[in-house]
Amino acid sequence: MEILWFGILAVLLAGYFALEGFDIGVGLLLPFTAERDRAVGAIAPFVLANEVWLVGIAGVLFGAFPMLEGEVLSGLYPVVVGLLVSWIVRDAGLWFRRRLDGEGWRSFWTAAVAAGSLGLALSWGGVIAGITGAPALLGVGYGVVVAVAFAFHGWAFLAWRLPGEAAAQGAARTGRALALSAAVAAAPIVVPLVALASEVLDRAAPSETLSVLSLMVLPVVPLMAAAQIWVWRVFRRGAVPTFF
Amino acid sequence: MDVLDLARLQFAVTGSLHFLFVALTLGLAPLVAIMNTRYVLGGNPEHERMTRFWGQIYVTNYALGIVTGLVMEFQFGLSWSGLTHYAGDVFGAPMAIETLVAFFLESTFLGLWIFGWHRLPKWLHLACIWLVALTAYASAFWIMVANSFLQNPAGATVRGDRLALTDFGALLSNPTLVMALPHVLAAGLLTAGCVLMSAGAYQLFRRTAERAFFTTSLRIGAVTAFVGAFLTVGFGYAQFGTVRSVQPDKWSANSLAGAGLGTMQTIGELLLLITFLLLVTIKWLPRRRWAQTVIMLITPFPFLALILGWIAREEGRQPWLVYGKLTVADALTPGLTQGRITLSFVAFAGVLGLLAVVDYLLIARLIRRGPALIALGEQPAPQPVLTF
């Protein structure tokens, strides 16, 4: 049962990096592209479905690995606060940037998206360095690695979603290229997770709790997967929405 | 203030902000879903405008609900790791189920609804908003299961130095849950009803050109607010017996809890009376400017009552975090420093407070602008011709 819930945690973490990775990556690329509205529009219909994977991760930590949750979050207090504030700023940028007309307003919140995305990538470096016990300085370096991986993934996503447009010059537009960049984005979390597997497993909740969780959550997994696939089927092509 | 006070204040501030937005979300979700249903069934373009106008207010409000909720979810591990250590095997289960079974789906379907206008078939698009409403209510259920466990730790026994889950059914049938859940959901309806009614009253007061549109908003709001007020007050009184048996000195031992309760009751009863009077005069409301003034003036009160209700419920179990088992002081993360909690308090309260103000100003502006220019559900612009 612990193995099953470790598997769920691992899938959620890898999925978060592979999916939210391109949203954060596109955010990082915004200062370097002229077509910001098109780039934001490309990720817009995916963001809500992608970022929620991290909420799921928090939930699984809380329910299935409560000892780990307390240890990790409180142990990495400043980094986790930085991660949350970055996330909030990025989301606020997305929700607000088109709510008023005017160049200044939109540029300000676009900058918030970019700054929040950078904060997210760097904080993830800090979190991963923290859980592997690496020194803080190494966390900054690892954050840069995460940021580069996400930016690469974001660039591949834009090439796939907006083929031929200025926002994504030069990248291959195939689904295979996108899958490859997703693997690159997920690598920074998958590698340390495999290394730490036994330590995570030691902190699992007792079997009564895991049974209840399995009973309640597993029947809904097909619906969760179907909803995620539906998002991709609906928004993979066609006009770029203008709500965000 | 010491570390414990700051950690409590941080939770109270972020939690109160979260609740202001979430309660309106819970109330608006079924109303927007009903508007959307009327549009899909009848094809009346006025119903489409109604859905898009209130839908945009709904999603603008929702944005702050998400970001404040993130902070709530992570705060348990950040500053209250004593709770996850002692009771995580029990308390964590409903929290995990909420994130995976409810919020994960809610967020995914909301994205499909926001961006799926003119892209999904109308029936599937409609199904999305109903799924959003349903999962929002499921979220409220699981969060209230978790909160009720803190009020009355049913279904768990002490094993070693930690609590173990022994009876999941008892967690779900907790007496502190049964009447409190409908009380909270009805308060959300009351709040949303007041917002609809007040937006209508404001526009009619300004002699809007969209008279029919805002007359409808005013009337839907008036009916919803009365139903919400009636159920909120009813399920509020229904809780007293349970509270007396589970936490006998809840209202007397802590002056803040008692004051919160008393003020909330007064507001609730006045709102019930006022919304009843508005309901029986509903036919004349669109033409009575003094009534429109009254409606606008009462809008802040359901929000105030929401916060007071939580203060009463949470202050009333002090000094316990898990009633009778774990004190708030013992739940604080060991070794949490003044510097760290000050940093996070300033960051969370500052950023979320500012965003909340911006968000409310945007909602006010949406109401002022009326249904003529609504970004949500706009017809997409034609694809630009690719030039190489």
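Is Arg288(B) buried, partly exposed or exposed, and what is its relative accessibility? Arg288(B) counts as partly exposed because its relative accessibility is 36%, which falls between the 20% limit for buried and the 50% limit for exposed. Keep in mind that this is a predicted model. With that said, here's a tour by topic.

**A positive patch on chain B**

- Arg288(B) sits in the loop between helix H10 (255-280) and helix H11 (289-298) of chain B.
- Arg288(B) is also one of the residues of a positive surface patch, together with Arg207(B), Arg211(B), Arg219(B), Lys283(B), Arg287(B) and Arg289(B).

- An unreviewed UniProt entry lists "transmembrane region" for residues 6-30, 42-64, 76-96, 108-131, 137-158, 178-198 and 210-232 of chain A.
- In the model, residues 76-96 of chain A are 95% helix and 0% strand, with end C-alpha atoms 30 Å apart.
- Residues 137-158 of chain A come out as 100% helix and 0% strand, and there the end C-alpha atoms lie 32 Å apart.

**A nonpolar patch on chain A**

- Leu118(A), Leu122(A), Val140(A), Val144(A) and Val148(A) make a nonpolar surface patch of about 410 Å².
- Helix H5 (103-131) and helix H6 (136-161) of chain A are the elements that give two or more residues to this nonpolar patch.
- H6(A) supplies the largest share of the nonpolar patch, with three residues.
- As background, residues three or four places apart on an α-helix point the same way, because the helix has 3.6 residues a turn.
- Val148(A) is found in helix H6 of chain A, and Val148(A) counts as exposed because its relative accessible area is 54%.

**A mostly covered helix**

- Helix H3 (residues 66-75) of chain A is mostly covered, with seven of its 10 residues buried.
- The buried residues of H3(A) are Pro66(A), Leu68(A), Glu69(A), Gly70(A), Val72(A), Leu73(A) and Ser74(A).

**Salt bridges, within and between chains**

- Over all chains, the structure holds 12 salt bridges.
- One of them joins the side chains of Asp37(A) and Arg106(A), at 2.7 Å from N to O.
- This pair links distant parts of the chain, with Asp37(A) in helix H2 (residues 36-64) and Arg106(A) in helix H5 of chain A, 69 residues apart.
- Asp37(A) is partly exposed at 28% relative accessibility, and Arg106(A) is partly exposed with a relative accessible area of 21%.
- Glu208(A) forms a salt bridge with Arg159(B), where the closest N and O atoms are 3.0 Å apart.
- Glu208(A) is partly exposed at a relative accessible area of 30%, and Arg159(B) is partly exposed at 45% relative accessibility.
- On chain B, the side chains of Glu315(B) and Arg8(B) meet in a salt bridge of 3.0 Å, N to O.
- Glu315(B) lies in helix H12 (residues 300-315) and Arg8(B) in helix H1 (residues 3-42) of chain B, so the pair ties together parts 307 residues apart in sequence.
- Glu315(B) counts as buried at 17% relative accessibility, whereas Arg8(B) is partly exposed with a relative accessible area of 29%.
- Glu20(A), Glu51(A), Arg90(A) and Asp91(A) are linked in a network of salt bridges.

Conventions. Residues are numbered from 1 along each chain as its sequence is written. Chains are lettered from A and ligands numbered from 1 in the order in which they are written. This is a predicted model: local features need pLDDT of at least 70, side-chain atom pairs count only at pLDDT 80 or more; totals for chains, interfaces and linings use all residues. Side-chain values use heavy atoms; hydrogens and water are left out. Patches are made of residues with over 30% relative accessible area and no salt bridge: like charges are joined within 9 Å, nonpolar side chains (Val, Leu, Ile, Met, Phe, Trp, Tyr) within 5 Å. Accessible areas come from the Shrake-Rupley method with a 1.4 Å probe; for residues, only the protein chains shown count as cover. A salt bridge is a side-chain nitrogen of Lys or Arg within 4 Å of a carboxyl oxygen of Asp or Glu. Lys and Arg count as positive and Asp and Glu as negative; His and the chain ends are not counted. The place of a charge is taken as NZ of Lys, CZ of Arg, CG of Asp or CD of Glu. Helices (H or I, at least four residues) and strands (E, at least two) are DSSP runs, numbered from the N terminus. Buried means under 20% relative accessible area, exposed over 50%, partly exposed in between (1.4 Å probe, protein chains only). UniProt positions are given in the numbering used here, feature names are shortened, and annotations may be inferred rather than shown by experiment.
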